Structures are given as structure tokens and as C-alpha cells.
Amino acid sequence: MSGHTLLHIDGHLVRVKTGSSVAAALRLAGGGGMGVARTSVTGQSRAPFCGMGVCQECRVLVDGRRRLACQTVCAEGMRVETTE
Amino acid sequence: MNRIATDRCDVLVVGAGPAGMAAAVAAAPSGASIVVIDDNPAPGGQIWRDGPGAALPPAARKWREALAAHANIRVRSGTRIVAISAPGELLLEDADGATRMAWRKLVLCTGARELLLPFPGWTLPGVTGAGGLQALVKAGMPVDGERIVIAGSGPLLLAAAATARAAGAKVLRIAEQASFASVARFGASLARWPGKAAQAVGLADGGYRTSSRIVSVHGVAQVESVRLLQGGKETDIACDRVACGFGLTPNTQLGQLLGCALTPAGNGAQALSVDARQATSVPGIYAPGECTGFCGSEHALAQGSIAAHAAVGNERAAKALEGERARWNAFAAQLHRSFALAEDIRRMPQADTLVCRCEDVPFSALAACSGWTDAKLHRRCGMGACQGRVCGDAAQFLFGWTPPAPRPPLSPVRIATLAGLVEPDMADPVDARQ
């Protein structure tokens with residue numbers, strides 16, 4: 001798996017290694033952040049935690065549908081929105 | 001417009017880790033039609049997870065090729081089980097839509113999840129599970145140049161450290177809660193199981209400390225430092241990331257929903273109960289691998305083969321593998337003894353530490369509850385998106401509460417998929433209201 005994939009995270013263009021998860025792309029977005037995916041019910045920032053589809057902390061909107069960033073592979077032109 | 005597809009197979013294998021791959025390959029020569037469903041993007045499970053940051057071992061490649069070599073095995077990756085849509089039928093969802101899948105024999109290879117326990121600061125971005133860190137790195141998350149502290153318990157800490165280092169991270173410390181004597185005994189025993197000796201090399205790691213645990217993680221917007229306790233002394237280490245896991249908990253939800261009986265596993269957790277043929281208490285349903293108790297990939301491969309041979313009626317082949325399985329049973333027992341969690345791990349959370357990460361319920365609110373039902377009804381603990389998979393395990397460990405009985409849907413689901421739970425001729429009108 002060589003080459004790169006371009007996708008949009010909250011409107012910003014992010015370049016990842018082809019085959020990377022959306023969780024990996026979140027880490028590359030947001031200028032040095034640790035991959036914040038959502039805001040909790042009391043307003044805390046949350047990032048990927050369990051890494052394997054259990055905790056739901058990394059839920060985001062991918063092309064308008066709710067998906068887990070850690071279990072979704074980046075595709076060219078994909079639009080990812082972090083969630084409230 | 002979503003339509004609910006229908007499909008059927010002789011043997012439905014749920015999970016494409018080592019147990020599921022071995023099950024499908026063992027069942028294939030019978031000529032049965034086999035479907036393997038898995039929620040990750042590619043087969044391999046947690047241990048053989050593929051991705052741009054993964055270096056797949058030869059065994060993983062061999063099993064993947066074996067899966068692909070059989071025309072009667074269909075693999076559906078990126079697919080989750082939502083519910084039981086009818087007797088002998090499961091409702092599945094993938095990125096494109098939903099399917100009602102009818103099965104004759106079911107092999108549950110749902111694996112295990114990491115036991116993630118609360119401590120002050122565990123919700124900060126940059127804190128992950130230990131196996132979680134490994135999974136994220138394999139899937140391409142960059143960690144080059146990051147300063148990482150790994151904590152918790154078990155051999156997975158060393159595996160996570162190796163993966164992080166190979167990706168360019170600086171692993172500053174590995175804090176194992178078990179004692180030096182326990183870990184040394186485990187290390188010495190590894191020579192008895194071929195292929196496991198290499199893992200002992202990690203015990204010589206300069207950053208490895210025993211009888212050491214996390215006190216708290218600190219930072220404003222993300223991880224900035226971690227406080228560790230060792231030998232009665234607290235030490236602060238500046239770092240970018242903390243990975244913390246306390247072993248594994250069997251994924252029993254789907255089995256429970258199907259009515260399969262449970263049996264106690266280590267650390268107060270429960271596993272699916274199986275007999276010598278890996279058959280559960282429900283006729284036609286088999287369970288191999290980590291959903292029956294943590295034991296490692298070799299054990300899971302043997303169990304997966306036994307389950308599939310039994311499912312397709314090849315009792316002799318199932319019997320022939322029992323010796324191999326027994327060998328790895330002994331390994332699992334040694335592992336559980338060596339990394340049993342110390343009493344003071346229960347003292348990690350403080351009054352304001354969130355235990356339920358979905359509903360942000362603090363430890364103090366739960367400590368006042370009489371049990372899981374009270375916590376759920378009055379504090380909304382376990383009512384969020386993870387459906388109590390994280391906080392339920394934590395509450396079981398911290399308070400001894402029986403975890404919530406699983407209810408459908410088993411995972412957050414699109415409304416269109418739920419149309420698959422009504423009669424087929426009703427599905428379209430429900431869809432139309434989307």
C-alpha cells in the first residue's frame with residue numbers, strides 16, 4: 001500500500017498514506033492535536049481511545065453518515081466532520 | 001433508498017481473527033457455503049490487524065491466503081451485527097446497507113476487548129488503550145517522535161511498545177502492575193511454549209518497571225504528563241501519549257443475545273461457556289477463541305478448527321486437535337496467574353474521575369449506587385453509545401456489579417437498517433419515512 005489519499009476533515013484538506021484509518025487522519029488534522037473526534041456531553045474534547053470499535057469515542061460523520069473513525073479507511077475526497 | 005437484502009449460508013462465522021479464519025478454512029472442505037463477517041476493514045482480528053502501519057507476520061498472510069483460496073468462503077468485512085431478525089437469522093449492517101442473513105450453523109469468534117479502567121485524566125486526548133495504541137498505529141496513525149508511556153498489565157504492553165517504537169515513537173516507560181516475581185515466573189515459563197520465547201526478550205527492556213501503576217494523567221487540552229506510582233513513590237514523566245490496558249475481556253454480547261450460557265473468566269469477567277467440541281449451550285452455535293476466555297492466537301486457531309469440524313459433523317478431525325488445544329490451555333492459565341490485577345488498581349479513580357465516558361458520570365455518583373440498574377436509571381451510566389461496554393467492565397471490576405444484559409441493537413445503527421426487524425413486506429414503508 002503505497003501512495004497517498006486526500007480527504008477533508010472539517011473542511012480542511014488532509015493527506016494520509018493510502019489505507020490509513022480516519023482516526024489516523026484526525027491525528028494529522030487540527031494542527032498538532034491528538035485527533036479530537038467529538039465533544040462530550042459536558043464539553044470535553046475526546047479522541048480515539050480503544051482503537052478497535054468498542055468505546056465509540058471516535059464517532060464522526062463520514063460523508064454525512066455516522067461512522068467510527070478507527071474502523072473506517074480513508075477514501076479519496078471523503079468528507080469527515082467531527083461531532084458535538 | 002435503502003433496501004434490506006436477504007442472504008443465506010450453511011456456516012456463518014462471526015469475526016475474522018485467528019479463530020474465525022481457522023474456523024472458515026476448517027469448514028471449507030465439507031463443501032458448506034460459508035460466510036465470514038467482520039467489523040474491521042480487513043480480516044485478521046486485533047492481533048493480525050492490517051494497515052499502512054502494520055507488518056503482518058507470515059502466519060497472518062498464510063491464513064488470509066487460505067481464506068481467499070476457497071470459493072465457498074465469502075468474507076464480508078466492515079460489517080456489524082445489529083440484532084436477531086428471526087430464529088436462525090441475523091441482521092447485518094455495512095457502509096452500504098443492511099442484510100438479513102440466515103444460517104444453519106453459527107460460529108461465534110467475537111474475540112475480546114481491552115479492559116480499560118478509569119484513572120484521573122483518562123479522558124484526555126492522547127490517552128488510549130495499550131492494544132488500542134497498537135491498533136491505531138497499525139491503521140496508520142503517526143506516532144514518530146512522540147514520547148509515550150505505556151501502563152497497565154500483561155504481555156500486550158510489550159507488544160504495544162514494540163509497535164510504537166517501530167513507528168518511530170520514544171517509549172519512555174512501561175509500567176506493569178504485576179510484581180517482578182510474577183513477571184519473572186511468566187518469563188521463565190515461556191520456554192515451554194514454542195514461539196513464545198521471543199516475547200520474553202521484552203522483559204529486558206530498560207524502561208520496563210514492575211509493581212508500577214498510573215496515578216493520574218495531566219494536561220490542559222491533551223496529555224502533557226503522567227504520574228506513576230512505584231515502590232510507594234510517585235514519579236512525574238512528561239510525555240505526549242499514554243497507553244493503558246489491563247488485560248482482555250471476552251466479547252460475549254452476541255452470544256448472550258442468542259441465549260448462550262456464560263462461565264467465569266479471569267478478573268471477574270465472564271466468557272461464553274463451551275464443551276470439548278467448542279459447542280455453546282445453544283444447539284448449532286459454537287464459540288472458539290477469546291470470547292471463551294483470553295488465551296492467545298495459537299489457542300484460538302486450534303479452537304476455531306475444532307469448532308468448525310464439529311459444526312460440519314467431522315467429529316474425528318475435531319478430536320484430533322484436542323491435544324494442541326490443551327497445550328495452549330496451560331499457557332492461558334499461566335498468563336492469568338501471572339498478571340492477576342492487584343487490589344490497589346481499584347483505587348485509581350478519584351471522586352471526580354469519569355467512569356462512564358459516554359454520559360460523563362463521575363466515580364462519586366456511582367459509588368453511591370446500589371448496583372448497575374440503579375446507576376443506569378438514576379445516573380445514566382451505560383446509557384450512551386458504547387452501551388456500557390467500557391463502563392460496564394469498569395463497574396464490574398470496581399464494584400463487582402453484574403454487567404448489563406445486552407439488548408438489540410448491539411451497536412449504534414441506522415434507522416433504515418432497523419426496517420430489517422419488521423416483516424419484509426413492511427420494510428419499504430418504514431424506509432420511506434427516512
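Two residues are in contact here if their C-beta atoms, placed from the backbone, lie within 7 Å. Keep that cut-off in mind for the first stop. The model is predicted.

**Stop 1**

Select Ala25(A). Leave aside its neighbours within four places in sequence. Ala25(A) is then in contact with Leu7(A), Ile9(A), Val14(A), Val16(A), Ser20(A), Cys74(A) and Val80(A).

Now widen the selection. Ala25(A) belongs to the largest nonpolar core, which has 160 residues. Which residues touch the most other members of this core? They are Ala25(A), Ala23(B), Ala24(B), Val107(B), Leu108(B) and Ile150(B). There is also a second, separate core of five residues. Among them are Ala178(B), Val183(B), Phe186(B) and Leu335(B). As a general rule, nonpolar side chains in soluble globular proteins tend to be buried together.

**Stop 1: chain B as a whole**

Chain B has 14 helices and 21 strands. Along its principal axes, the C-alpha trace spans about 65 × 50 × 40 Å. The radius of gyration of chain B is 22 Å, which agrees with the value near 22 Å for a compact globule of 434 residues. Of those 434 residues, 53% count as buried.

Next, consider the contacts in chain B between residues at least 6 apart in sequence. Of these, 64% join residues at least 24 apart.

**Stop 2: strand E6 of chain B**

Select residues 98–108 of chain B, which form strand E6. How many of the eleven residues of E6(B) are buried? Eight are, so the strand is mostly covered. Val107(B) and Leu108(B), from the list at the first stop, lie in this range.

- Strand E1 (residues 4–14) of chain B pairs with E6(B) in the parallel sense, over ten bridges. Look for Arg8(B), whose bridge partner in E6(B) is Ala102(B).
- Strand E5 (residues 89–93) of chain B pairs with E6(B) in the antiparallel sense, over five bridges. Here Glu89(B) stands opposite Ala102(B). A hairpin through four residues joins E5(B) to E6(B).
- Strand E19 (residues 285–286) of chain B runs parallel to E6(B), with two bridges between them. Val107(B) stands opposite Tyr286(B) in E19(B).

Centre the view on Ala102(B). Arg8(B) is one bridge partner, and Glu89(B) stands opposite too.

**Stop 3**

Zoom in on strand E13 (residues 225–230) of chain B. E13(B) and E14(B) pair over six bridges in the antiparallel sense. Pick Ser225(B): the residue opposite, in E14(B), is Ala238(B).

**Stop 3: where chain B touches chain A**

Bring chain A back. At this interface, 35 residues of chain B are in contact with 37 residues of chain A. On the chain B side, the elements that give two or more residues are strand E7 (112–114), strand E8 (127–128), helix H3 (130–138) and helix H12 (389–399). Which of them gives the most? H3(B) does, with four residues.

Finish by colouring the chain B side by residue class. It divides into 18 nonpolar, ten polar and seven charged residues.

How values were computed: Residues numbered from 1 in each chain as written. Chains lettered and ligands numbered in written order. Predicted model: local features only at pLDDT ≥ 70, side-chain atom pairs only at ≥ 80, totals over all residues. Nonpolar A, V, L, I, M, F, W, Y, C, P; charged D, E, K, R; others polar. Pairing = 2+ DSSP bridges. Buried ≥ 20, exposed ≤ 12 C-beta atoms within 10 Å, placed from the backbone. Rg over C-alpha atoms; globule rule 2.2 N^0.38 Å. Core = buried A, V, L, I, M, F, W, Y, C linked by C-beta atoms within 7 Å.
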